Amino acid sequence: MTQVPARCPQCDATMGLFSTVRHSRCSFCGCRFVVDWSDPATPRLTGFEDIIKSSPGVAPQIAAAHVRDLESAATSADAQIEASREQAKTAAEAHERKVRSAQRAIAAPQSRTLAAGMAAALVVFLVAFVLEDALWYVGLVLAALLVLLTRMAYRRWQGTESQALAGLEESRQVVQQAQNSLEESLAIQDDRRLEQELWQARAAAGSSGGASGT
Ligand SMILES: [Zn+2]
């Protein structure tokens with residue numbers, strides 16, 4: 001399921017290859033290539049042209065049989081791809097809903113903190129510049145209480161926020177996995193199509209007298 005970094009044999013672009021894929025194409029230059037996984041850490045890529053040039057031509061019947069097999073495998077995989085696509089969509093929507101409910105959960109303690117903080121600031125101002133005598137003492141006690149309340153609300157806000165973010169991280173990973181498996185099944189489907197093209201090209205090279213050297 002992990003992608004292994006590789007370089008395009010034609011334009012040297014870096015790309016990620018699923019280790020389950022044996023035929024792929026560069027998304028930058030369109031070059032089609034075969035992947036040799038004898039060393040799983042550093043796959044060797046060979047362009048179709050080089051393979052067609054260096055391998056003997058293939059009888060059209062043999063190529064046609066391979067193309068048919070690949071075609072029926074591709075057709076039966078289409079349903080699987082549709083299911084993966086649906087799964088990725090569902091995961092993305094669930095994540096979106098979670099983001100919205102996290103925002104709502106955070107909003108309440110956040111606005112309470114803000115309100116308590118503003119009230120505390122106001123009373124502190126009154127104590128410092130306005131109130132006198134007995135009222136000054138009352139104000140002082142009130143200010144202390146409001147500061148305490150603000151700190152409590154702030155802690156509650158932070159707690160809610162970190163809890164909500166942890167929940168989001170989980171659902172983000174679900175989305176990531178679903179997208180990854182969709183990408184992989186698309187890459188495998190592309191693999192089959194490209195292998196078909198390679199068989200057809202080899203058959204064509206064989207029937208046209210092929211390796212006469214160019
Ligand atoms: Zn390329």
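Trainee: Which helix lies across S3 and S4?

Mentor: This is a predicted model, in which local features need pLDDT of at least 70 and side-chain atom pairs count only at pLDDT 80 or more, while totals for chains, interfaces and linings use all residues. Residues are numbered from 1 along each chain as its sequence is written. Helices (H or I, at least four residues) and strands (E, at least two) are DSSP runs numbered from the N terminus. The helix that lies across S3 and S4, running at about 100° to S3 (angles run from 0 to 180 degrees between N-to-C directions, with axes fitted as lines to C-alpha atoms, for helices over the stretch in contact), is H3.

Trainee: In what order do the strands of the open sheet come?

Mentor: The sheet has 3 strands with antiparallel pairing; two strands pair if DSSP finds at least two bridges between them. S3 and strand S5 (44-47) are the edge strands, each pairing on one side only. From one strand to the next the twist averages 40°. The order is S3-S4-S5.

Trainee: Which residue in S4 is the bridge partner of Ser24?

Mentor: S3 pairs with strand S4 (residues 32-36) in the antiparallel sense, over 3 bridges. Within S4, Ser24 has as its bridge partner Phe33.

Trainee: How many bridges join S1 to S2?

Mentor: Strand S1 (residues 3-7) and strand S2 (residues 14-18) run antiparallel. They form a hairpin with 6 residues between them, and Val4 stands opposite Leu17 in S2. The number of bridges joining S1 to S2 is 5.

Trainee: Is Asp12 buried or exposed?

Mentor: Asp12 is in the loop between S1 and S2, and its phi is near 70°, a positive value in a residue other than glycine. A residue is buried if 20 or more other C-beta atoms lie within 10 Å of its own, exposed if 12 or fewer, and partly exposed in between, with C-beta atoms placed from the backbone. Because Asp12 has 10 C-beta neighbours inside 10 Å, it counts as exposed.

Trainee: What phi does Asp133 have?

Mentor: Asp133 is found in helix H3. With 7 other C-beta atoms within 10 Å, Asp133 is exposed. Although Asp133 is not a glycine, its phi is positive, at about 55°.

Trainee: How many residues of domain 1 are in contact with domain 2?

Mentor: The division, whose bounds come from an automatic or database domain assignment, gives domain 1 (1-55) and domain 2 (56-203). Two residues are in contact if their C-beta atoms, placed from the backbone, lie within 7 Å. On the domain 2 side 13 residues take part, and on the domain 1 side the number is 13.

Trainee: Which strand and which helix each supply at least two residues of the side of domain 1 that touches domain 2?

Mentor: That side of domain 1 divides into 6 nonpolar, 4 polar and 3 charged residues (Ala, Val, Leu, Ile, Met, Phe, Trp, Tyr, Cys and Pro count as nonpolar, Asp, Glu, Lys and Arg as charged, and the others, Gly among them, as polar). The elements that each supply at least two of its residues are strand S3 (23-25) and helix H1 (48-54).

Trainee: What is the relative direction of H2 and H3?

Mentor: The axes of helix H2 (residues 60-129) and helix H3 (residues 133-207) come within 7 Å and cross at roughly 170°. Angles under 35 degrees count as roughly parallel, over 145 as roughly antiparallel, 65 to 115 as roughly perpendicular and the rest as oblique. The crossing angle therefore makes H2, relative to H3, roughly antiparallel.

Trainee: How many residues of the contact of H2 with H3 are nonpolar?

Mentor: The residues of this contact include 20 polar and 11 charged. The nonpolar residues number 43.

Trainee: Which residues does Leu126 touch, not counting residues up to four places away in sequence?

Mentor: Leu126 has its place in helix H2 and is partly exposed, with 16 other C-beta atoms within 10 Å. Its touching partners, with that exclusion, are Leu131 and Gly139.

Trainee: What distance separates the C-alpha atoms of Arg22 and Arg193?

Mentor: Arg22 is in the loop between S2 and S3 and counts as partly exposed, with 18 C-beta neighbours inside 10 Å. Leaving aside neighbours within four places in sequence, Arg22 is in contact with Val34, Val35 and Asp191. Arg22 and Arg193 are 171 residues apart along the chain, and their C-alpha atoms are separated by 11 Å.
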